[in-house]
Amino acid sequence: MKKEVKDTIIADLGEKIKAYPHFYLIDVTGLNAEATSNLRRKCFKSEIKMVVVKNNLLHKAFLASEIDFEPLYGSLKGNTAVMFTQTANLPAKLLKEYQKEGVPSLKAAYAEESMFVGADKLEELAALKSKNELIADVVALLQSPAKNVVSALQSGANTIHGVLKTLGERPE
């Protein structure tokens, strides 16, 4: 491969690392063409960009990045594909479908500004909540006390109204 081509690939990987806040390094050893094609289709449907890379070129893209990816360097062995995504837990959920087959397997991930190394981190990554899920949880928690207050006031108004009506209808 010519140096110009390598430089272009490194620059392209660097742009993807900047553009996507989360990425997964997966081992695609053992995937045939059909299985790879199916995985790419599933990634496309889930808005995940999957790229098979040379470890050396990805290592150089990591070095050129502003973030220190040193904990991930040990994962750059064998056949590697990178799954770039905007939502941290989507690739983990996709990889869990393949967990029984063992291919592809998780090598490492950079999600929510943290690094996860090893296939044993898949459950932890799948349990991560996306930004939208966290916002929905916070909104639900904030609405809960307000709903309780409104409900109590409404039931209290009915009680007071009933007491006043009863008192008004009583003979003196």
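Predicted model: local features only at pLDDT ≥ 70, side-chain atom pairs only at ≥ 80, totals over all residues.
A polar contact here is a pair of N or O atoms within 3.5 Å.

Asn32 caps the N-terminal end of α2, placing a side-chain oxygen 3.3 Å from the backbone nitrogen of Glu34. From there, α2 runs over residues 33-45, 13 residues in total, and spans 18 Å from its first C-alpha to its last. That reach is close to the 18 Å expected at 1.5 Å a residue. Just after α2, look for Glu47, which takes a positive phi of about 60°.

Now turn to the packing of two other helices. Helix α1 (residues 3-19) and helix α3 (residues 55-64) pack with their axes 9 Å apart, at an angle of about 55°, which means that α1 is oblique to α3. The crossing of α1 past α3 is right-handed. On the α1 side, the contact is made by Lys6, Ile9, Ile10, Leu13, Gly14 and Ile17; α3 contributes Leu57, Leu58, Lys60, Ala61 and Phe62. By class, this contact has 8 nonpolar, 1 polar and 2 charged residues.

As you follow the contact, keep helix geometry in mind: an α-helix has 3.6 residues a turn, so residues three or four places apart point the same way.

Definitions and conventions:
Residues numbered from 1 in each chain as written. Heavy atoms only, no water. Axes fitted to C-alpha atoms, helices over the stretch in contact; angles between N-to-C directions. Helix = DSSP H or I, 4+ residues; strand = E, 2+ residues; numbered from the N terminus. Parallel < 35°, antiparallel > 145°, perpendicular 65-115°, else oblique. Left-handed = near helix turned anticlockwise from the far one by under 90°. Contact = heavy atoms within 4.5 Å. Nonpolar A, V, L, I, M, F, W, Y, C, P; charged D, E, K, R; others polar. Expected span 1.5 Å × (residues − 1). Polar contact = N/O pair within 3.5 Å; in protein donor to acceptor, adjacent residues only side chain to side chain.
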